[in-house]
Amino acid sequence: MERLKDKVAIITGAANGQGAAEAKMFSENGAKVVMTDILEEELQNVANNIRGDKKSVLSLKHDVTSEKDWKHIINETKEHFGKIDILVNNAGIGSTKTIEEETIEGWEKVQKVNSNSVFIGIKYTAPEMKKSGGGSIINLSSVYGIIGVKGYSAYHASKGAIRSLSKTAAMEFAKHHIRVNSVHPGLIQTPMTESLFLDPNIVEWMQSVTPWPRLGKPEDVANGVLFLASDESSFITGTELIIDGGWTTH
Amino acid sequence: MNLENEVALITGGGKGIGKATALLLAKKKAKVVITDINEEDGDKTLQEIKGKGGEAIFIKHDVSSEEDWIRAVNKSIDRYKFINILFNNAGIFTLKPLFEISLDEWNKLMNINVTGTFLGMKHVVPHMIKNKKGSIINASSTAAINGAPNHSLYGASKGAIRSLTKHAATEFAPNVRVNSIYPGFVKTQMIDYASELSNTKLDNQASSVPLNKLGTPTDVANLVLYLASDMSSYITGSEFVVDGGLSAGPPVWEIKE
């Protein structure tokens with residue numbers, strides 16, 4: 001079933017993990033997909049795999065902290081596909097430092113990549129969505145944007161910013177039929193979290209706090225993002241979708 | 001999204017959100033058990049599903065009665081062998097200042113909205129655990145999130161469902177997922193009744209919603225379908241708002257454009 005038939009979607013951080021899973025699922029559901037990432041080679045490989053013989057997948061190098069890059073991505077998208085219906089702000093980096101360990105530089109880098117990028121992305125994409133009569137923006141926050149876990153201060157703050165920014169954006173753009181929602185995955189096995197999965201203590205802890213008997217997969221997140229991107233969720237805006245196997249139920 | 005081989009029991013399936021969900025799940029090939037206290041309404045949903053080639057049965061059901069639940073579950077199992085989706089949707093609404101609510105009124109609404117949800121889980125979950133698979137969706141409301149005058153009884157019942165859902169989710173993992181949903185203003189007979197009780201025009205209510213419209217029963221049914229299906233197989237104990245942005249932020253000053 002083509003749940004995103006003829007829609008045009010930009011997905012950042014699409015070279016691996018959740019972004020790659022979203023791009024694949026979107027493409028399978030009939031969307032024209034613009035995949036972006038700073039990791040150019042990895043992105044090309046993933047895009048080629050998804051593309052197959054379809055011409056409706058575009059892959060572009062993209063530093064999400066750069067305003068110039070964003071303008072370029074949007075122009076390329078319009079040139080190739082004529083409009084933008086969906087923006088998935090998925091790109092992000094991890095950080096595992098406590099507040100005392102974290103440096104100002106380290107802190108600022110995480111905020112720039114994780115949350116400033118969401119602001120810039122919405123700033124330049126929303127006017128295009130207004131022109132075409134509406135759209136859906138999905139911002140990847142985390143359960144760490146909701147609860148506190150020691151040792152991830154910069155990451156927590158950046159994800160909290162995304163949660164809150166999504167709500168104010170939802171309010172600002174509702175009258176233009178642009179929906180904005182945030183998604184909050186728990187621990188999902190991706191390249192970003194690879195080091196955590198290598199630590200048996202962390203895996204054991206995760207299993208002990210997650211009621212559901214397995215850890216998360218990128219497809220779990222992609223399914224939720226697909227729902228929010230599609231017209232099935234056309235009365236849903238300014239809200240939060242938690243995908244965490246029940247972790248934050250406690 | 002295909003629900004072939006799934007059996008869904010939907011309470012309050014005769015009207016509104018329950019009916020839209022029954023139709024949508026049947027369209028996705030689920031076998032649907034429609035229950036409702038109103039036989040005429042329930043039968044209409046049944047005929048509509050059958051008319052479209054879907055598979056369903058109707059059972060008359062007072063959700064506040066344990067006997068009725070036992071009967072409904074037994075009939076469903078007799079007919080379809082198992083139940084792996086339960087939508088605790090049936091509920092009633094009232095609007096009244098707290099000090100004017102009689103104990104009888106309080107108990108009646110709580111029995112339908114809260115006890116009904118408890119009994120549903122109590123009698124359906126053992127069958128889900130036997131099959132090692134199940135998804136339960138409990139209908140709460142944005143009235144469980146935000147406070148408003150005259151909503152104490154309805155709001156408290158929906159708040160109980162919110163909390164009950166989270167506790168149940170931790171108890172029934174790893175076999176059964178349990179999530180709650182929070183519709184805002186959705187075009188149903190319940191909202192017509194609310195509009196009548198409060199003497200407020202529905203158009204005025206719609207303009208208070210950031211998306212500037214009321215939701216449709218299908219908007220909610222789409223969310224229930226997502227939570228019922230394997231698309232959400234890593235989601236449990238969580239909350240899903242479908243309210244056009246109503247609960248994301250209170251009304252504030254607007255900038256002139």
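This is a predicted model: local features need pLDDT of at least 70, side-chain atom pairs count only at pLDDT 80 or more; totals for chains, interfaces and linings use all residues.
One of the pairings can be followed in some detail. Strand 6 of chain A, which covers residues 178-185, pairs with strand 7 of chain A in the parallel sense, and four bridges join the two. Pro185(A) has its bridge partner in strand 7 of chain A, namely Ile243(A).

Now for chain B. Here, too, there is an open sheet of seven strands with parallel pairing, in the order 3-2-1-4-5-6-7. Its edge strands are strand 3 (55-60) and strand 7 (239-242) of chain B, and each of them pairs on one side only. Strand 1 of chain B (residues 7-11) and strand 2 of chain B (residues 31-36) are parallel partners over five bridges. Along that pairing, Leu9(B) has Val33(B), in strand 2 of chain B, as its bridge partner.

Helix 2 of chain B (residues 39-51) lies across strand 2 and strand 3 of chain B, and its angle to strand 3 of chain B is about 175°. Helix 4 of chain B (residues 103-131) lies across strand 4 (85-88), strand 5 (134-139) and strand 6 (176-183) of chain B, with an angle of about 180° to strand 4 of chain B.

So much for the sheets; what about the place where the chains touch? There, 37 residues of chain A are in contact with 38 residues of chain B. The area buried between the two chains is about 3,200 Å², and carbon and sulfur atoms give 64% of that. Three residues stand out on the chain A side: Trp212(A), Phe235(A) and Thr249(A) supply 27% of the area that chain A buries against chain B, more than any other three residues. As for charge pairs, there are zero salt bridges between chain A and chain B. Polar contacts do turn up, with 13 residue pairs counted between the chains. On the side of chain A that touches chain B, helix 5 (153-173), helix 8 (218-229) and strand 7 (240-243) of chain A are the elements giving two or more residues. Helix 8 of chain A has the largest share, five residues. Sorted by class, this side of chain A has 16 nonpolar, 12 polar and nine charged residues.

Salt bridges are found elsewhere, though: the count over all chains is 20. One of them joins Lys7(A) and Asp231(A), whose closest N and O atoms are 3.2 Å apart. Lys7(A) sits in the segment before strand 1 of chain A, while Asp231(A) is in the loop between helix 8 and strand 7 of chain A, so this pair ties together parts 224 residues apart in sequence.

Finally, a few spots in the backbone deserve a look. The peptide bond from Ala173(B) to Pro174(B) is cis, with omega near 5°, and Pro174(B) is found in the loop between helix 5 (152-172) and strand 6 of chain B. In chain A, His177(A) has a positive phi of about 60° although it is not a glycine; this residue lies in the loop between helix 5 and strand 6 of chain A. Asn150(B), again not a glycine, has a positive phi near 70°, and its place is in the loop between strand 5 and helix 5 of chain B.

How values were computed. Residues are numbered from 1 along each chain as its sequence is written. Chains are lettered from A and ligands numbered from 1 in the order in which they are written. Side-chain values use heavy atoms; hydrogens and water are left out. Contact means heavy atoms within 4.5 Å. Buried area is the accessible area (1.4 Å probe) that two parts lose on being put together, summed over both. A salt bridge is a side-chain nitrogen of Lys or Arg within 4 Å of a carboxyl oxygen of Asp or Glu. A polar contact is a pair of N or O atoms within 3.5 Å; within protein, one must be able to donate a hydrogen and the other to accept it, and residues adjacent in sequence count only if both atoms are side-chain atoms. Ala, Val, Leu, Ile, Met, Phe, Trp, Tyr, Cys and Pro count as nonpolar, Asp, Glu, Lys and Arg as charged, and the others, Gly among them, as polar. Two strands pair if DSSP finds at least two bridges between them. Axes are lines fitted to C-alpha atoms, for helices over the stretch in contact, and angles run from 0 to 180 degrees between N-to-C directions.
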